[in-house]
Every structure is written in structure tokens, then in C-alpha cells.
Amino acid sequence: MKILKIATIILAAAPTVLFAQEAAFQMKGTAPKMFNGKMIYLDYTKNGFSVSDSVQIVNGTFRLTGTVDEPTYSRMVLDQEGKGKLMSQNVGDRLYFYLGNENYNFTIKDSLRTATIKGSPMHDAYTAYLKEIGGGFMDIIDAGNKAFAAVKQDAPDANEQYQAIHEKFEARFEARRVKELIYAENNPNSIFSIDALIDASNKRKLSEIEPIFLKLSKEVRQLTTARQLEARFLAERSIKIGIKAPDFSQPDTKGKMVKVSDFKGKYVLIDFWASWCSPCRAENPNLVKAYHKYNSKGLEVLAVSLDDTKGKGAWLKAIEDDGMPWIHVADLKGWSNEAAVLYGVRAVPQNYLVDPQGNIIAINLKGEHLHTELAQVFGD
């Protein structure tokens, strides 16, 4: 089956200045008897860290409570088939929405995706926003994957059908991005304007996004995701070859704080990666080979993981499995990793080679390019 791969969506916090917030969120729901015993999973972000919760539907009802420091883009999953969270969150009955400290009353009839949700002004506003820009991101992804799955793999024109579907949904996403930019222009006080600009920035140049961003209200620009987007603007202008590598400090695998400036006087490759990143894992053997060849000549590696708190075990296991003997750090905030935000990292693997004076001398070295560059620095 073909899978529609257009862009990556991130669960990230984004507070609102539009709605008054209570002290906590309260979720209550009803569901048909056929869902008794089924699990509901909730994932959201709080204080930069991923939070997970779950509840079982009992006697046709469920309830979840908690708090968020800011309204946050969240995911709820109903495991209808009892396959477990991992399977259900990828292809099962899912709902993506903004979670704030409000009341949510769910009425489930046949699926969570089509549930009626009342009591939350924020959810009503988010639903209206999605309607205005052309639908939810994951809804479009799911529709595309359904269209791909409907193509008979042995059809003589299967590749042509796949290409036609891809073009159709790319056009749909492009039309959505145009509407997102218009929405942000017209709604400077809305948290969803940040949501719109971040999504549009996946395909648009940041130089096109920044002028719209600067017209947003001061309150909106102080939000967590707004500050992260602003950091990308700064990184695009400042994280370049020839400039001083920005310093940062993060804990290593044993909790000891490590700084970029600790490597002054040495060449250090700052490598952003994650245990769940297949291209990263595929590149690791190449990096191990380079490290063993040039470490004695003065090369160090500082690996910054974009794993989160739930992925700490996978992070430590990947370090061992891939045989990476260098220093590893992480603040376990996932894509909100403060070093990644500082460097404007939006995809992994990504790396920066820093000279003994602390200046960036090369960016994004992979494969043979890594060996060629290191041979020029250290001699083959």
C-alpha cells in the first residue's frame, strides 16, 4: 500500500488569548455498549514535555481530567479493535484537537472521529478554523491513504494512478496553505494563526512567513510555538558557516550537564538525531566509522536526541545498539528540544561541524560527504 507522505505534523503547545481558561480540563463522554471495555488514549504537551493518559470505557461512559499550562494540539485515540495504542494511533480511530483547561462533553455514536463535542469554546473555534482553511491535516492524509489503498497493485496503470492521487492531494494541501496564510493575515489575535504559519512554513520560505508573523499581536507572538517559529527566523539568518556556534547546555545520559563550549580547542560535530528516525539510524554506522577514524586526530561528536520522555528507554537502547561511543545529550522534549529550536532544526538527521575556535565550518555532512570533509580537515 502506498502511504501519503506530505509533511510532518507535530504535537506542540500553543496558548490562546481568545478564551478564558479554567484551572483544569474536564472530559466526560458517553459511548454505545459495544465500546465497553475499550481503551481511550490521550496525548498532549505540558511545560514542553509529552504527557499521556488513558481510560477504559465502563458502562458506556469515560472521564479524563488534567491541566495544561497552555492550550495544546492534542491527539485522542479510541482503540476499537483492541490492538493497543501503538497500532491504533497510527491507523485507528483518532481525533486531533486543541486541548485547553475547559469542559469537553463527548458523545460517541460509531467512532471517536465523528463524535459530537460540546462545552468547549476553543473546540468550536478550532472547528470553524479548519472549515475555513480546507479541513484538518490528518483528515486529508487519511483520505489520501484511503485513495492509495483502493488502487489495485496489479493494475497495469497502478503507478499512474498513484501519481494522480499524489498530485491531487498535493494540490489540496497547497490550496490549504494559501488559505492558512490568508487566515493569519486576517486574524492577528488567534492562536490558530500560529498553527497556520507553522504548517505553511513547511513548504514556504521563512522570508515569506516572517512578515505575516510580525503583524500578529504581541500576545500571540509570546506563545510557545510562536517563540519556536521566531527562533527559526533567527536561526536561518544566523546559523551559517563562518559564524560562532550558539552555545547550549543539556544533560547527558547520566544527568551531567554538557555544553558546546566544553569542546573548545577541539573539532566537534553537533549531531541532531532521534531513536525513532530511520534515516538517522541508517546514517549512524557511517558516523561511527568516521568517529573511529578521526577521533584520535581530534574529532569529537556531541549527539543531541529529539526523543521525548516517553522515548528515553528507546534513546538509550539505540545508543547501545548502534555502538555510538561519543557524548549523548537530550532534554527529552522531542521536537521542542531547546537546542534544536535554537539551531532551527526541522528535520533529522542534521549536523554542524564546529572548529576549535567554536565556529561552524560545515553543515549537514552525511554519507561520503562526511568523510570527504573530515579528510580535508584532518588529512586522510
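Guide: Let's start with L42, which touches F25, M27, V51, S52, D53, L64, R75, M76, F97 and L99, leaving aside residues up to four places away in sequence. Contact here means heavy atoms within 4.5 Å. Before going on, a word on what you're looking at: this is a predicted model, where local features need pLDDT of at least 70 and side-chain atom pairs count only at pLDDT 80 or more, while totals for chains, interfaces and linings use all residues. Numbering runs from 1 along each chain as its sequence is written, and side-chain values use heavy atoms, with hydrogens and water left out.

Strands (E, at least two residues) and helices (H or I, at least four) are DSSP runs, numbered from the N terminus. With a relative accessibility of 0%, L42 counts as buried; the cut-offs are under 20% relative accessible area for buried, over 50% for exposed and partly exposed in between, using a 1.4 Å probe and protein chains only. For a sense of distance, L342 sits 300 residues from L42 in sequence and 29 Å from it in space, C-alpha to C-alpha.

Zooming out, the chain has 12 helices and 15 strands, and 50% of its 380 residues count as buried. Among contacts with a separation of 6 or more, 68% join residues 24 or more positions apart. The C-alpha atoms fill a box of roughly 70 × 55 × 40 Å along the principal axes.

Now for some helix packing. Helix α3 (residues 137–149) packs on α4 at about 170 degrees, with the axes 10 Å apart. Axes are lines fitted to C-alpha atoms, for helices over the stretch in contact, and angles run from 0 to 180 degrees between N-to-C directions. That pair is therefore roughly antiparallel (over 145 degrees; under 35 is roughly parallel, 65 to 115 roughly perpendicular, the rest oblique). On the α3 side you'll find F137, I140, I141, A143, G144, A147 and F148, meeting Y162, I165, H166, F169, R172, F173 and R176 of α4. Those contact residues split into 10 nonpolar, 2 polar and 2 charged, with Ala, Val, Leu, Ile, Met, Phe, Trp, Tyr, Cys and Pro as nonpolar, Asp, Glu, Lys and Arg as charged, and the others, Gly among them, as polar.

Helix α4 (residues 158–186) also meets α5 (residues 191–200): their axes come within 8 Å and cross at roughly 140 degrees. That makes α4 oblique to α5. From α4 come R176, R177, E180, L181, Y183 and A184, and from α5 F192, S193, A196, L197, D199 and A200. This set divides into 7 nonpolar, 1 polar and 4 charged.

Some loops deserve a glance too. The peptide bond from V348 to P349 is cis, with omega near 5 degrees, and P349 lies in the loop between α11 (338–342) and β14 (350–354). L332, in the loop between β13 (327–329) and α11, has a positive phi near 60 degrees without being a glycine, and at 13% relative accessibility it counts as buried.
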